[in-house]
Amino acid sequence: MKPFLFAANWKMFFSLRAEEQFFKQYQAELVSLARTSNTTVALFPSFVSLPSLCTASKDSPLKIGAQDCSAHELGAYTGQVAAQSLAELGCSYTIIGHSERKVFQEGATAIADKAKQLFAHNICPIICVGETQEEYRQRKTKAVLEEQLRPFLPIAQAARKPFFVAYEPQWAIGSGVTPTPEEIATMFDHLAHLLGSLPKEQWSLLYGGSISAVLAPQLYTIAGLGGLLIGKASTDFQEFKKIVLSRHSTKN
Ligand code: PGA
């Protein structure tokens, strides 16, 4: 059975010093959460904290990942960070296609190119997909997910390396409003159908969007849930800990 992933997306909630301070304060407890059986705990701090957190987590069960990467190999791309650099730091995962980056106008093809870079450097991509509120209202979610995954599928097929797809409805991120577990399960079935040509061992599904310690137990009942992508709640250690620990008391 694949380990269940708790991915803590710190976004830009903390400054560099605050990220280092948070990590120092909770490192021992985070490591002990990461030792929970069949569980992976991964932190996604800002780029500037990656060197210190990667160094401090070397040889520890705690994994570190980046919140984005460039779609390009090394070259003239001002302000971007290459997957190769993330690999050299020791990142295990990288989030791509997060909806908070949609303001940068990146389309599904650029996101697929990012995945290609990550696969080439043996970093596991977490590709985010999800509909806007308007698309949800118009019941277009399935078509949107298909469109967002289309350019990625042949790249994943050729890479034959593991990846996660995170279903994150854009209207559920940071809003406190979430789909019902039944709605998430329906989208998971659809994603499984879209990923059907790839071996089942290659991929897992995550849910993300306003996860809290109160919501988490309801999510654990969803068939096919391979982990959670947690934003704001992951920046409160006690809340994050409750989310991780409640899995064992609620899973069926
Ligand atoms: P949230 O963010 O948990 O704060 O809603 C989730 C995400 O954006 O990954």
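**Exercise 1.** Which of the 13 residues around the ligand come nearest?

*Solution.* Before starting, note that this is a predicted model, in which local features need pLDDT of at least 70 and side-chain atom pairs count only at pLDDT 80 or more, while totals for chains, interfaces and linings use all residues. Residues are numbered from 1 along each chain as its sequence is written, and side-chain values use heavy atoms, with hydrogens and water left out.

Step 1: Step 2: Pick out the nearest of the 13, which are Lys-11, His-98, Glu-168, Gly-174 and Ser-210. Step 3: Sort the shell by type, and you get four nonpolar, six polar and three charged residues; Gly counts as polar here.

**Exercise 2.** Find polar contacts (N or O atoms within 3.5 Å) of the ligand.

*Solution.* Step 2: Turn to the backbone: an N or O atom of Gly-174 sits 2.6 Å from an oxygen of the ligand, and a polar backbone atom of Gly-231 is 2.9 Å from a ligand oxygen. Step 3: Check the cover: the ligand alone exposes 290 Å², and the protein buries 98% of that. These areas come from the Shrake-Rupley method with a 1.4 Å probe.

**Exercise 3.** Why is strand E8 largely enclosed by the rest of the structure?

*Solution.* Step 1: Locate E8 at residues 225–230; strands are DSSP runs of at least two residues, helices of at least four, numbered from the N terminus. Step 2: Test each residue for burial (under 20% relative accessible area, 1.4 Å probe, protein chains only). Six of the six are buried, so E8 is largely enclosed. Step 3: Look at its partners, remembering that pairing takes at least two DSSP bridges. Strand E1 (residues 4–9) runs parallel to E8 and is joined to it by four bridges, with Ala-8 opposite Ile-230. Strand E7 (residues 203–208) also pairs with E8 in the parallel sense, over four bridges, and there Leu-206 faces Gly-227.

**Exercise 4.** How many aromatic pairs are there?

*Solution.* Step 1: Apply the rule that ring centres lie within 6.5 Å; the count is 14. Step 2: Examine Phe-4 and Tyr-220, an edge-to-face pair (planes over 60 degrees apart) with 5.8 Å between centres and 65° between planes.

Methods: Buried means under 20% relative accessible area, exposed over 50%, partly exposed in between (1.4 Å probe, protein chains only). A residue is near a molecule or strand if one of its heavy atoms lies within 4 Å of it. A polar contact is a pair of N or O atoms within 3.5 Å; within protein, one must be able to donate a hydrogen and the other to accept it, and residues adjacent in sequence count only if both atoms are side-chain atoms. Rings of Phe, Tyr and Trp (its six-membered ring) pair if their centres lie within 6.5 Å; planes under 30 degrees apart count as stacked, over 60 as edge-to-face and the rest as tilted.
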